[in-house]
Amino acid sequence: MTLYVFLFLSFVAIFCALMTVLSKNPIHSVIYLIGCFFAIAGHYMLLNAEFLAIVHIIVYAGAIMVLFLSTLMLMNLNDETEQHKPAVAKISAVIASGLLMLVLVAVLKKADNLQVPLTQEISIGTIKVLGKVLLDEYLFPFEFSSVLFLSAMIGAVLLTKKEKGQTA
Amino acid sequence: MDIGFLIEKSAVILVVFGITMLVALYSTFGERIFASYFQDRLGPNRAGPGGILQPLADGVKMFTKEDFIPDTPNKFLFIFGPFLFMTTALITSSVIPWGDTLMVFGRIVKLQAADINIAILFVFGVVSIGVYGIMLGGWASNNKFSLLGAVRASSQMISYEVAMGLSIIAILMMTGTLSLRSIVDQQHGFIDWSGSIPWFSWNVFKQPIAFLVFLICAFAETNRTPFDLPECEAELIGGYHTEYSSMKLGFFLFAEYINMFISSALIAIIFFGGFNYPGMDWAFRTLGMNGAALIGVGVMFVKTLFGIFFYMWVRWTVPRFRYDQLMNLGWKILIPVSIFNIVATGAVILLTGK
């Protein structure tokens with residue numbers, strides 16, 4: 001049963017991820033990406049990480065993608081006005097992603113020897129355990145990332161501020 | 001899986017679904033009756049005695065109107081929009097505890113479709129998905145007014161979700177749980193005698209600031225006046241549902257009433273003690289478990305229906321905000337207030353040590 005659910009979710013995730021890249025219309029890309037996020041949230045559920053699953057949906061599908069979608073909707077994305085990238089950019093993009101693919105394949109080939117700490121504990125993904133681990137074992141990285149977010153937020157606010165003497 | 005469990009859950013789900021639909025149906029009627037009362041006119045009184053069959057007449061009208069689809073390259077998304085909005089509105093009712101436990105044929109039945117321990121987060125997740133219905137529908141309409149309505153809806157929803165989440169955090173710090181049932185159970189009775197000073201056990205008396213922020217955000221999340229800018233007819237014709245007709249429009253309008261019902265139920269559960277009422281221990285002793293639980297369900301519905309009435313009361317009393325006022329209220333007032341509330345709650349918990 002779990003295997004079939006896993007296979008189904010994996011199929012949906014990979015299909016949606018491919019369609020995100022292949023869709024001509026950017027709005028359709030965003031919708032496929034949301035589908036992909038839901039499939040990944042399902043994977044988290046299978047791993048008993050229900051908190052992670054629901055937060056994944058709230059943050060990515062519910063907040064970030066809504067912002068993406070509303071920005072995309074306001075853009076004028078007609079074929080006539082769309083700028084086509086020069087050939088150099090296209091070729092360099094292909095080479096760069098090919099290199100990334102190479103690294104990923106190399107890592108995955110070695111992955112058989114990796115020792116993954118398998119835990120059978122059922123409560124590993126629940127909010128109580130997660131909170132304890134996050135604020136006990138990983139307190140420093142946790143607080144550090146919050147400072148990082150704060151600086152990003154201040155930067156964004158600063159960018160939108162009008163300078164002195166500047167009108168609108 | 002136990003077959004009795006399956007029957008029990010199916011029955012609960014079907015009853016909850018039916019009641020949600022019925023309440024939403026008669027909320028549309030109630031809205032028109034209250035509107036006529038507030039505006040000193042008669043209101044709908046032709047269909048049936050006192051106009052009681054008006055919702056059915058409305059439904060027939062909606063179904064039999066021409067189902068017009070505009071010339072849009074995204075027919076699928078145009079149809080998908082209202083479907084998604086309706087679905088997300090209905091899903092939330094699955095985690096709401098409508099009452100205490102009942103004893104039916106020797107089985108203990110929880111009056112809740114799914115008692116998951118991250119229920120509040122589930123509600124937030126579903127609410128944040130709900131905006132896609134409006135956005136996709138508005139965008140696929142291929143109409144500038146619809147698009148503006150959709151963009152307004154999305155930015156409004158995101159802005160007020162932040163304040164809503166922050167206001168709930170103060171409650172979560174106090175209760176220490178994300179399960180709605182545990183939150184209700186902690187508000188047992190009406191007055192809590194166990195502390196050094198007896199105080200009301202309902203959260204609204206412990207967290208009045210959180211309640212106010214949550215209430216305002218609930219108005220914004222359900223797109224009700226004074227925050228119904230996505231469908232502001234003075235500026236945007238019909239907003240995101242300008243191009244919709246027939247039952248697709250009906251779905252958009254109907255889902256708004258379902259959202260009202262669910263959010264009123266949520267406010268009743270988180271802040272007004274849900275199915276708890278004064279003297280419930282006495283009722284438990286004299287009437288037994290089932291009697292006390294049924295009174296609890298009744299109390300829960302009275303609280304929820306009062307919430308719906310409050311929505312209508314505000315709608316016909318307060319004028320609509322301007323868009324910059326809406327954003328200022330959300331980001332510059334509600335969020336700082338709820339952060340202050342979180343800090344104050346933390347300080348009190350630290351000082352009193354509970």
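Entry 1. Before counting anything, I noted my criterion: two residues are in contact if their C-beta atoms, placed from the backbone, lie within 7 Å. I also kept in mind that this is a predicted model.

Entry 2. I looked up who takes part where the chains touch, and found 17 residues from chain A and 17 residues from chain B. On the side of chain A, helix H3 (residues 50-74) gives the most, with 15 residues.

Entry 3. Next came one helix pair across the contact. How do H3(A) and helix H5 (residues 144-175) of chain B cross? Their axes come within 10 Å, and the crossing angle is roughly 155°. Angles over 145 degrees count as roughly antiparallel, so that is how H3(A) and H5(B) lie to each other. I also noted that H3(A) passes H5(B) in a left-handed crossing.

Entry 4. I then listed the residues that meet in this pair. H3(A) brings A:Ala63, A:Val66, A:Leu67, A:Leu69, A:Ser70, A:Met73 and A:Leu74, and H5(B) brings B:Leu147, B:Ala150, B:Val151, B:Ser154, B:Ser155 and B:Ile158. I sorted them into ten nonpolar, three polar and no charged.

Entry 5. Last, I went back to chain A by itself. I found six helices and zero strands. Of the 168 residues in chain A, 14% are buried. For contacts in chain A with a separation of 6 or more, 52% join residues 24 or more positions apart.

Conventions:
Residues are numbered from 1 along each chain as its sequence is written. Chains are lettered from A and ligands numbered from 1 in the order in which they are written. This is a predicted model: local features need pLDDT of at least 70, side-chain atom pairs count only at pLDDT 80 or more; totals for chains, interfaces and linings use all residues. Helices (H or I, at least four residues) and strands (E, at least two) are DSSP runs, numbered from the N terminus. Axes are lines fitted to C-alpha atoms, for helices over the stretch in contact, and angles run from 0 to 180 degrees between N-to-C directions. Angles under 35 degrees count as roughly parallel, over 145 as roughly antiparallel, 65 to 115 as roughly perpendicular and the rest as oblique. A crossing is left-handed if the near helix is turned anticlockwise from the far one by less than a right angle, and right-handed if clockwise. Ala, Val, Leu, Ile, Met, Phe, Trp, Tyr, Cys and Pro count as nonpolar, Asp, Glu, Lys and Arg as charged, and the others, Gly among them, as polar. A residue is buried if 20 or more other C-beta atoms lie within 10 Å of its own, exposed if 12 or fewer, and partly exposed in between; C-beta atoms are placed from the backbone.
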